[in-house]
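Thanks, everyone. Please have the sequence and the model open while I talk.

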Amino acid sequence: FGSASSRRRSKLAADCIIEMGSSIGRFIPCQKDDSHPWLQYPDGKWSPPPSRPANCKWAYEVDGYSLEAEREQINRWKDLSGWSRRRCETATNLCGLTATVLVEVSLERRFTVTLRHVIGVGNWQGQRSTEDFEGLYYGILDERHVLNPPTCLQRHRDIFMSPIMWSFTSREISVALQQWLKEVVDAGLATSKAFRHFASTSQTRFSPDDHSKTPSNVALSLPIMTEILAFLDEPRDLCHASATLSKSLQESSTQLRAMHWERIYQAKWPAFHEAQRHHMLACSVDVDWQELYASTIAGKLDFLVEVFEREKKLGFAMSCMMAKVTWEESTHSYIAHYISASQVLPERISQSQRHRLRYCPASARPELKPELAENQGYYAYRVLTGLPDLQKGQAVELQWRMQEGSPFGWWYGTVETVDRHSDGVQATVTMVFRHFPATSRWYRLQVTVGDGTMQRCAIGGYHGGLRLVSEEEDKRWMHIFPKDPVIF
C-alpha cells in the first residue's frame with residue numbers, strides 16, 4: 001500500500017477530485033463579484049493609475065481644449081445669431097412658404113402623402129387609405145367647415161375594379177386626391193383637429209383585400225402591361241400585342257385595350273376624337289374605338305368640325321368655319337367640305353396642319369347642340385342667346401356670315417365698349433378686329449346681341465350672338481394671328 005507520504009498524497013488528490021466534481025454546473029468567479037476594473041478604468045487599461053501628488057490637478061483632456069468652454073462659446077453664438085428666436089418663429093415663418101402636397105398611390109391602393117411647409121403640420125410623410133381620406137372629410141364636416149367631398153374615392157369604390165384597371169386609373173385618382181388635399185390646406189383647415197389626426201404618426205388603417213394577394217392578381221396589377229401598351233402608337237402593334245397575350249390577360253385587359261385604342265385615336269385625330277367623345281356623352285352611347293379607327297382610316301366617316309383660316313385666304317383670317325371633314329389615308333391628310341350657300345371646292349389639309357381643326361367650342365355646345373342629327377339642322381345655323389359677363393379688352397368670338405343661306409362662322413375680336421339695355425336682355429357691344437388696320441372699314445363693328453335673333457351688320461352680312469374666349473382658346477387664336485395687318 002506504499003508509504004505514509006504516498007497515502008497522504010493520494011488522499012489529497014481524491015479530495016481535489018471530489019471538490020472539482022462538486023463544482024460542475026456552477027460558475028466559480030475568478031475574483032470578487034464587485035470587482036469591475038473595466039468600469040474603474042474606462043480607458044481600457046486595467047493597471048492602476050500612476051502615482052501622483054495629492055495636490056496635483058489632472059484631467060483626461062487635450063492641452064488647450066475645454067469642453068465647458070466650447071459649450072459656453074456655442075451658447076454665445078446662438079444668442080448672437082438669434083438661433084433661439086428663429087426656432088420659436090419656425091411655425092410663423094411657414095406662412096411665408098408655399099405649402100406643397102403630394103399624393104402617390106401604390107398597387108395595393110395605399111396612398112403615400114407628403115406634406116411640406118404646411119402650417120400646423122410642417123413637413124410630414126405617411127401612408128393613408130381611402131378610409132383615412134373619408135374620415136378626414138367627415139371630421140372636417142363635424143367641425144362645421146364647408147368642403148367638397150373627394151368624389152374620386154367614392155366613384156371608384158362603388159364599382160368593382162380589377163387590379164390591372166386600377167393600375168391604369170391610379171394616376172387619375174392620385175392627381176384628384178392631391179388637388180383635394182391642397183384645397184383643404186389652402187382653406188386653412190390644416191390646423192383642424194381632423195387634419196392633425198390625419199397627419200399624425202398613428203398606424204394607418206387598411207381594409208383587408210384577400211383577392212389582391214393571390215399571385216395571379218398581383219401579377220396582373222403590375223403596371224408593366226400599361227407601360228408596354230402606352231409605347232404602342234401603331235394599331236398593328238396594339239393588335240399584335242393583344243393577340244399574343246395569354247387568355248387570362250386577354251380577359252382582364254379588355255377595358256385596358258379599349259382605353260389604349262381611344263388614346264391612339266385621339267393622338268391621330270384630336271378633333272375627331274373630341275367630336276365623337278361629346279356625341280357619346282350627350283347621347284349616352286358606347287363606341288368601339290378599334291372599329292371606329294378602322295372606319296375613320298378607311299375614309300368611311302365624316303365629322304362636323306370647324307376649320308381655322310378657311311382655304312388660307314385673307315378674307316377668312318382670324319375666323320373658324322364649319323365643314324364636313326374626312327380622312328384620306330393615301331395622302332395622310334384631311335379633306336374639308338365646307339358648308340356654304342355657294343359652291344366651294346374641298347380643301348386638303350395636311351396632317352402637319354391639324355391644329356387648324358377644332359370641334360364646336362365647349363361653352364357653346366349646351367345651347368347649339370352639335371350632337372343633333374343633320375335632319376334637325378346644322379348647329380352653325382343657330383344663334384347664341386344670352387349675355388356673357390363682358391368687360392373691356394376681353395377676347396370674344398362673334399357669329400357672323402356674309403350670305404343668309406350660309407352657316408355662321410366664328411370671328412375673333414376684342415371688346416371695346418359694352419352698353420347694356422334697360423331690359424337686361426340685350427346689349428350693344430363695340431368690337432375691334434386688331435388684325436385689320438385701324439383705318440379699315442372692318443376694324444370696328446357695333447353689334448346688338450343677347451336676344452338670340454339674327455341681325456344685319458353695318459359692314460354687311462348678318463351676325464348672331466357672341467361668346468367669351470377662354471385663356472387656352474386665346475392662345476390658339478394667337479398662334480394664327482397675322483404678323484402683318486390684313487389688307488384686301
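One term before anything else: buried means under 20% relative accessible area, exposed means over 50%, and partly exposed is in between, with a 1.4 Å probe and protein chains only. This is a predicted model, so local features need pLDDT of at least 70, side-chain atom pairs count only at pLDDT 80 or more, and totals for chains, interfaces and linings use all residues. Residues are numbered from 1 along each chain as its sequence is written, and side-chain values use heavy atoms, with hydrogens and water left out.

Start with the overview. The protein has 18 helices and 14 strands. Those are DSSP runs, numbered from the N terminus: helices are H or I with at least four residues, strands are E with at least two. Of the 488 residues, 38% are buried. The accessible surface comes to about 30100 Å², and carbon and sulfur atoms own 55% of that. Areas here are Shrake-Rupley values with a 1.4 Å probe; for residues, only the protein chains shown count as cover. Now contacts, meaning heavy atoms within 4.5 Å. Take those with a separation of 6 or more: 56% join residues 24 or more positions apart.

Next, charge pairs. Side chains of opposite charge can pair when their charged atoms come close. The cut-off for a salt bridge is a side-chain nitrogen of Lys or Arg within 4 Å of a carboxyl oxygen of Asp or Glu. How many does a search of the whole structure find? It finds 13 salt bridges.

Lys182 and Asp186 pair at 2.8 Å, N to O. Both sit in helix H8, residues 163–186, four residues apart, or about one turn of the helix. Is Asp186 buried or exposed? Asp186 counts as exposed, because its relative accessibility is 53%. Lys182 has 26%, so Lys182 counts as partly exposed.

Glu328 is partly exposed, at 23% relative accessible area.

On a 1 Å grid over the protein atoms alone, a cavity is a set of points where a 1.4 Å probe fits but cannot get out; lining residues have an atom within 4 Å of a point. The count comes to one cavity of 30 Å³ or more. The largest cavity has a volume of about 40 Å³. Which residues line the largest cavity? They are Glu306, Met322, Leu368, Tyr379, Ala380, Gln399, Phe408 and Trp410.

Last stop, Ser192. Ser192 lies in the loop between H8 and helix H9 (193–198). Ser192 is buried, because its relative accessible area is 7%. Leaving aside neighbours within four places in sequence, Ser192 is in contact with Ile140 and Glu143. Ser192 and Gly139 are 53 residues apart in sequence, yet 9.0 Å apart in space, C-alpha to C-alpha.

Methods: 1 Å grid on protein atoms, 1.4 Å probe; cavity = no way out; pocket = protein on both sides within 12 Å on 5 of 7 lines; lining within 4 Å. Points joined across faces, edges and corners; volume = space filled by probe spheres on them.
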